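Work through the exercises below with the sequence and the coordinates open. Each task is followed by a solution in steps.

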Amino acid sequence: MARVNEKRALVLGGGGVTGIAWETGILHGLAAAGVDLTDADLFVGTSAGSVVAAQLAGGAALSDLYEGQLLPPDGEIPARLTPWMLVRYALSYVMPGSPARKRARLGRAAVKARTPSEESRLAVFSSRLSISDWPERALKVTAVDVADGKFVAFDRDSGVPLVRAVASSCAVPLVWPPVTIDGHRYMDGGMRSAANVDLAAGYSRVVVVAPLTRAASAAATPQAQAARLGVPSIVVSPSGEALAAIGPNLLDPARRKPAAEAGFAQAASVAEAVREVWN
């Protein structure tokens, strides 16, 4: 009997430039093993995942995206989350208040931080993305309003330019500038959740590719979010070998090539488990 209303979602989490590379490697390796996730009915992208999700939803070939991750990072400037930044993150979340209020505290700090210009970051994403307009396929790109900590999921109907949506989702607080959209400024969607798996609610099968899986509580991890969907799902995260290839600085473009290759190699070990969920 034919399946009815079988809709599948691919959720791609945050993880810096090395996260983009590792996700691309995993997805390309899975496709090589006969598990092609690019035929998803919904793409959800958070931070690094928004870059990959936007390009896949727009029809970019995985082989091309993978080859791009292997190129030397000529002219790219590495960034880093300093110990002070990590302390600032922690302080924002241990202080009392609702989750949105805690995110707003960090948002205020993000606005005041000394970072590259917003225009320079938009130029980076204009060149990084293989598409400039929202694709016809369902795509959700996550971000957080710095003023009130409100979580948003931009899509084709939001009236927001795709480049600005993706740039805002990747705007790591204190490292990169929040992005202006309709008079509001937005920062990294990963400040609400590493992958925002709950946006896949209503889909019958869900695969999550998440470079980062830690959360403020066990209930907020991608694994816990996926379990609450109540449908066949799996969360793929970096193996020990992949973590070593990625290295300690997720924002270092020099680690992009080894991260992509590690993702491609890891795919063979998870292909059957992913196939069981996807098919």
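Contact here means heavy atoms within 4.5 Å. The model is predicted, so that local features need pLDDT of at least 70 and side-chain atom pairs count only at pLDDT 80 or more, while totals for chains, interfaces and linings use all residues. Residues are numbered from 1 along each chain as its sequence is written, and side-chain values use heavy atoms, with hydrogens and water left out.

**Exercise 1.** Find the element that holds A143, and list what A143 touches.

Solution. Step one: A143 belongs to strand β3 (residues 138–145); strands are DSSP runs of E with at least two residues, helices runs of H or I with at least four, and both are numbered from the N terminus. Step two: leaving aside residues up to four places away in sequence, A143 touches K150, F151, V152, F154, S168, S169, Y186, M187, D188 and G189. Step three: the relative accessibility of A143 is 0%, so A143 counts as buried (buried is under 20% relative accessible area, exposed over 50%, partly exposed in between, with a 1.4 Å probe and protein chains only). Step four: G45 is 98 residues from A143 in sequence, and their C-alpha atoms are 9.8 Å apart.

**Exercise 2.** How many aromatic pairs are there, and how are the rings arranged?

Solution. Step one: rings of Phe, Tyr and Trp (its six-membered ring) pair if their centres lie within 6.5 Å; planes under 30 degrees apart count as stacked, over 60 as edge-to-face and the rest as tilted. By this rule there are 2 aromatic pairs. Step two: Y66 and F264 have ring centres 5.5 Å apart and planes at 35 degrees, so this pair is tilted. Y66 lies in helix α3 (residues 62–69) and F264 in helix α10 (residues 256–278), 198 residues apart. Y66 is buried at 9% relative accessible area, whereas F264 is partly exposed at 34%. Step three: for F154 and Y186 the centres are 5.3 Å apart and the planes at 80 degrees, so the pair is edge-to-face. F154 is in strand β4 (residues 151–154) and Y186 in strand β6 (residues 184–188), so the pair ties together parts 32 residues apart in sequence. Both F154 and Y186 are buried.

**Exercise 3.** Which rings have the charged residues R128 and R192 over them?

Solution. Step one: a charge sits over a ring if NZ of Lys or CZ of Arg is within 6 Å of the ring centre and within 35 degrees of the ring normal. Step two: R128 lies over the face of F125, 5.1 Å from the ring centre. Step three: the charged end of R192 is over the ring of F151, at 4.3 Å from its centre.
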